[in-house]
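User: Please take me through this structure by question and answer, and spell out each term as it comes up.

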Amino acid sequence: MLVRCAFIETYKTPFYCNNFSSHSTMSIYQATTSAPVNIACIKYWGKRNESLILPTNSSLSVTLSQDNLRSTTTARADPSFTADCLWLNGKVDPIKPGGRLHTCISEMKRLRAAFEAANPDQPKIASFNVHICSFNNFPTAAGLASSASGFAALVYALAKLYALPQTPEELSLIARRGSGSACRSLFGGFVAWDMGSDDVTGLDSKARQVAPESHWPEMEALICVVNDAKKGTSSTSGMQRTVVTSALLQHRIGYVVPSRMADIESAIADKRFGDFAEITMRDSNQFHAVALDTYPPIFYMNDVSRAIIAIITEYNRLSDQPKAAYTYDAGPNAVIYALTPNVREIAQLILYYFPQAEKIVIGGQEVEAALPEGFNEAVAKRWEVGSVKGLIHTRVGDGPRVLSDSEALLNAQGIPKVLA
Ligand code: DP6
């Protein structure tokens with residue numbers, strides 16, 4: 001498979017086809033989409049079925065705007081392609097038989113074959129090989145859920161390529177097989193992944209939109225990039241070890257998550273930020289406690305992460321209700337959720353402790369380091385430039401988008417434009 005892909009990469013002779021021209025003699029079957037990153041407030045951590053990717057608890061996330069962070073994917077089916085091929089960020093990513101990419105692509109081909117069987121007038125493209133080219137506009141494996149947006153964009157691109165009638169909820173079942181958290185990136189806004197109870201088919205373990213982005217557009221996020229290198233223990237192997245060794249995980253999945261899910265859904269419905277924030281911070285804390293309870297233990301947060309927790313805790317002490325919510329995934333980067341009127345003040349605070357080499361601009365205005373009135377400065381030391389490598393300001397956003405042909409990542413020959 002790899003050898004064939006390498007051959008295709010260097011294959012420069014143009015094919016005699018182009019459906020974008022009126023003189024075309026063959027059709028081009030291609031679609032380009034983008035999909036968002038999501039950051040969980042109630043964390044998914046643990047599988048009860050590894051091959052179907054069925055979780056040990058339900059989870060809930062906020063979809064972040066694709067204007068800032070996104071995966072873009074072009075998928076094309078063509079009878080001349082000699083193998084299914086995928087390029088991620090310009091490099092061939094092998095599609096291993098039985099692997100997650102393979103499962104997602106085969107499932108989508110199966111849906112297309114069923115669609116063709118039910119609609120005999122449709123072109124027979126399910127049996128063609130596909131070329132897929134994907135690009136993340138942020139560092140892969142930086143703890144910024146690149147697999148979530150990546151698999152969501154891939155499944156959505158294939159769904160558009162194949163003109164499938166499936167709903168985002170139905171497509172989430174397939175994205176889940178790529179990476180559990182990817183199922184939540186099929187929707188914008190606030191999204192739950194209901195764990196389901198059918199362990200044989202997994203058909204009830206899917207994403208559901210709790211509220212669209214328009215419900216609470218004041219929800220913004222400040223991402224503190226603490227480390228943009230590939231993380232130590234992957235989510236997949238980390239959670240596997242937790243399921244086998246942590247007694248605390250059983251308490252979490254049995255007694256804590258079910259009521260938290262109900263509580264956060266109601267906080268979102270009523271736009272009660274204080275409750276939303278407390279649940280989010282408590283759940284991040286418990287997820288990292290469960291990582292620590294894993295044997296041998298897993299540490300995802302570092303001293304910078306913990307300093308940010310101390311700073312946000314002190315900030316929240318100044319008002320009766322929390323105005324900021326930190327959360328950390330399987331890495332040291334902090335995501336801080338806050339409402340529009342408070343974001344600048346929080347960014348000023350972060351800059352006070354973590355000076356930046358580059359200017360930070362929010363709402364068209366440069367942010368200056370500052371402490372709010374009454375803030376106890378001693379909760380953390382002031383770090384050197386580079387301790388927080390960057391700040392990304394973004395907001396709640398929409399679900400996957402269909403992009404135009406001009407944004408396609410494959411050229412007329414079906415080869416990534418960056419390699420051609
Ligand atoms: C901490 O979805 O990356 O971000 O299903 O094995 O691919 P796999 O794991 P993945 O795990 C994400 C874990 C998390 C929490 C979350 O996003 O809910």
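Analyst: On a 1 Å grid over the protein atoms alone, a pocket is an open set of points where a 1.4 Å probe fits, with protein on both sides within 12 Å along at least five of seven lines, and its lining residues have an atom within 4 Å of a point. This is a predicted model, in which local features need pLDDT of at least 70 and side-chain atom pairs pLDDT 80 or more, while totals for chains, interfaces and linings use all residues. Residues are numbered from 1 along each chain as its sequence is written, and side-chain values use heavy atoms, without hydrogens or water.

User: What volume does the second largest pocket have?

Analyst: The lining of this pocket comprises 13 residues, of which E107, R110, L173, I174 and L203 are the closest to the centre. Taken as the space filled by probe spheres set on the grid points, joined across faces, edges and corners, the volume of the second largest pocket is about 200 Å³.

User: Which helix gives the most to that lining?

Analyst: Helices here are DSSP runs of H or I with at least four residues, and strands are runs of E with at least two, numbered from the N terminus. Both α2 (100-118) and α4 (168-178) supply at least two lining residues each. By class, the lining has 5 nonpolar, 3 polar and 5 charged residues. The element that gives the most, with 5 residues, is α4.

User: How many bridges join β10 to β11?

Analyst: On one side, β10 (residues 190-194) is joined antiparallel to β5 (residues 59-63) by 4 bridges, with V62 opposite F190 and L60 partnered by A192. On the other side, V191 stands opposite Q209 in β11. The strands β10 and β11 also run antiparallel, and the number of bridges joining them is 5.

User: How many residues of β10 are buried?

Analyst: Buried means under 20% relative accessible area, computed with a 1.4 Å probe on protein chains only. By this criterion β10 is mostly covered, and of its 5 residues the number buried is 4.

Conventions
Two strands pair if DSSP finds at least two bridges between them. Ala, Val, Leu, Ile, Met, Phe, Trp, Tyr, Cys and Pro count as nonpolar, Asp, Glu, Lys and Arg as charged, and the others, Gly among them, as polar. Buried means under 20% relative accessible area, exposed over 50%, partly exposed in between (1.4 Å probe, protein chains only).
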